[in-house]
Amino acid sequence: MIEEKLVIVGNGPAGCTAGVYAARAGLKPRIFAGDHPCGLLALTSDVENFPGFPSGISGFDLVMAMQEQAEKFGAETDYDTIVSIEFDAVNGHRFTTADGREFRSRAMIIATGATPRKLGVPGEEKLWGRGVSACATCDGAFFKEVPVVVAGGGDSAMEEAIFLTRFASEVHLVHRRDSFRASAIMVERARSNPKIKMHLNCVVEEITGSNEVEAVRIMNKVSNESETIPAKGFFAALGHVPATELFKNSGVEVDDNGYIVTAGKSSETNIPGVFAAGDCMDPRYRQAIIAAGNGARAALDAEKYLG
Ligand code: NDP
């Protein structure tokens with residue numbers, strides 16, 4: 001049994017920032033990178049909105065710099081994945097890794113992130129990061145004066161479509177039904193924007209292009225007619241799935257959508273000594289800077305708890 005004071009699950013911006021703070025406080029945290037080292041941010045080509053980098057920085061470089069900073073102060077990155085967990089606030093939280101090691105830790109910060117829901121259509125995976133994106137705030141500015149497609153019918157889809165009209169020549173909003181899940185005011189704003197063209201009752205069948213997105217083929221479910229929309233960008237605004245599967249029956253409280261519930265303005269979960277930070281507890285903002293801030297907060301809460 002390996003004994004730890006503090007373990008951080010996930011090494012995206014939330015986990016690494018928690019690592020910096022906890023390591024500087026002398027807690028020697030072990031940070032598990034898991035199945036998706038460096039998190040979602042590592043897949044973003046250029047990050048232009050993280051303060052401190054006026055010329056932008058690649059998502060991978062940014063998160064690697066955070067990891068290096070945490071390690072400099074004594075954090076250890078463990079590239080294994082936690083496969084089972086048993087919370088025990090009295091004797092220490094126990095968990096096992098994929099390679100069979102057993103751990104016990106007095107405190108834990110859950111920073112496992114969330115993954116954008118994908119359509120699973122041909123071309124989506126191949127062209128991810130080459131015109132296919134799930135974040136207009138991150139990547140929208142790369143699509144100046146070219147047509148783009150947004151898929152989805154929630155508030156994110158409306159927000160992303162409206163945001164993208166700042167750059168794109170036209171925005172095609174593709175939604176599988178004829179009514180929207182999004183709030184009426186957001187739908188109205190999108191409808192009244194002359195650059196947005198709505199394609200209702202339509203499903204995306206394929207995203208085409210050899211090296212980058214060239215077109216999106218959609219099918220109208222009512223008329224059964226296909227249409228090919230020439231586009232340089234495809235934005236999936238289909239909601240996110242929190243990466244909290246590991247904690248499903250662990251006793252840690254999650255909401256109806258699987259996001260970890262924290263108390264008030266703190267990072268505390270319902271289990272003493274267990275804290276949460278970043279996209280696994282934040283369905284709303286999903287920004288690296290906010291995840292990083294949450295990570296700092298969780299480390300401060302953990303430090304106080306351990307003290
Ligand atoms: P939502 O889950 O609300 O919406 C997801 C959308 O994607 C739905 O329209 C859904 O269609 C569609 N969708 C899901 N899977 C598929 C699929 N396989 N194929 C086609 N379409 C699919 O996610 P959001 O990210 O939009 O919003 C999440 C939360 O964040 C909400 O509570 C929202 O209100 C909030 N939010 C608030 C904002 C604001 O207040 N400004 C901005 C952004 C988000 P269908 O409707 O048919 O199920």
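Reader: Is R24 buried or exposed, and what is its relative accessible area?
Author: This is a predicted model, in which local features need pLDDT of at least 70, side-chain atom pairs count only at pLDDT 80 or more, and totals for chains, interfaces and linings use all residues. Residues are numbered from 1 along each chain as its sequence is written, and side-chain values use heavy atoms, with hydrogens and water left out. R24 belongs to helix α1 (helices are DSSP runs of H or I with at least four residues, strands are runs of E with at least two, and both are numbered from the N terminus). Buried means under 20% relative accessible area, exposed over 50% and partly exposed in between, with a 1.4 Å probe and protein chains only, so R24 is exposed, at 62%.

Reader: Thanks! What distance separates the C-alpha atoms of R24 and E71?
Author: Along the chain, R24 and E71 are 47 residues apart.

Reader: I like to check backbone angles. What is the phi of K28?
Author: K28 is found in the loop between α1 (13-24) and β2 (30-32). With a relative accessible area of 61%, K28 is exposed. Most residues other than glycine have a negative phi. K28 is not a glycine and has a positive value, near 45 degrees.

Reader: What phi does R286 have?
Author: You will find R286 in the loop between β17 and α6. Its relative accessible area is 21%, so R286 is partly exposed. R286 is another residue that is not a glycine, yet its phi is positive, at about 50 degrees.

Reader: Which side chain makes a polar contact with the side chain of H240?
Author: H240 lies in strand β16, residues 240-242, and counts as buried because its relative accessibility is 16%. A polar contact is a pair of N or O atoms within 3.5 Å; within protein, one must be able to donate a hydrogen and the other to accept it, and residues adjacent in sequence count only if both atoms are side-chain atoms. At 3.2 Å, the partner of H240 is the side chain of R286.

Reader: Which residue has its backbone nitrogen 3.0 Å from a polar atom of the side chain of S266?
Author: S266 lies in the loop between β16 and β17 (274-276). At 16% relative accessibility, S266 counts as buried. The backbone nitrogen in question belongs to E268.

Reader: Now electrostatics: how many salt bridges does the structure hold?
Author: A salt bridge is a side-chain nitrogen of Lys or Arg within 4 Å of a carboxyl oxygen of Asp or Glu. One of them joins the side chains of E245 and K248 at 3.7 Å, N to O, and both E245 and K248 are exposed. The number of salt bridges in the structure is 12.

Reader: What is the N to O distance where the side chains of R30 and E4 meet?
Author: R30 and E4 are both buried, and their side chains meet in a salt bridge at 2.7 Å, N to O. This pair links distant parts of the chain, with R30 in strand β2 and E4 in strand β1 (residues 2-9), 26 residues apart. So that you have it at the end, the N to O distance is 2.7 Å.

Reader: Which residues form a nonpolar patch on the surface?
Author: Patch members have over 30% relative accessible area and no salt bridge; like charges are joined within 9 Å, and nonpolar side chains (Val, Leu, Ile, Met, Phe, Trp, Tyr) within 5 Å. I289, in helix α6 (residues 288-306), is partly exposed at 37% relative accessibility. The patch has about 260 Å² of accessible area together (Shrake-Rupley method, 1.4 Å probe, only the protein chains shown counting as cover). Its members are Y285, I289 and I290.
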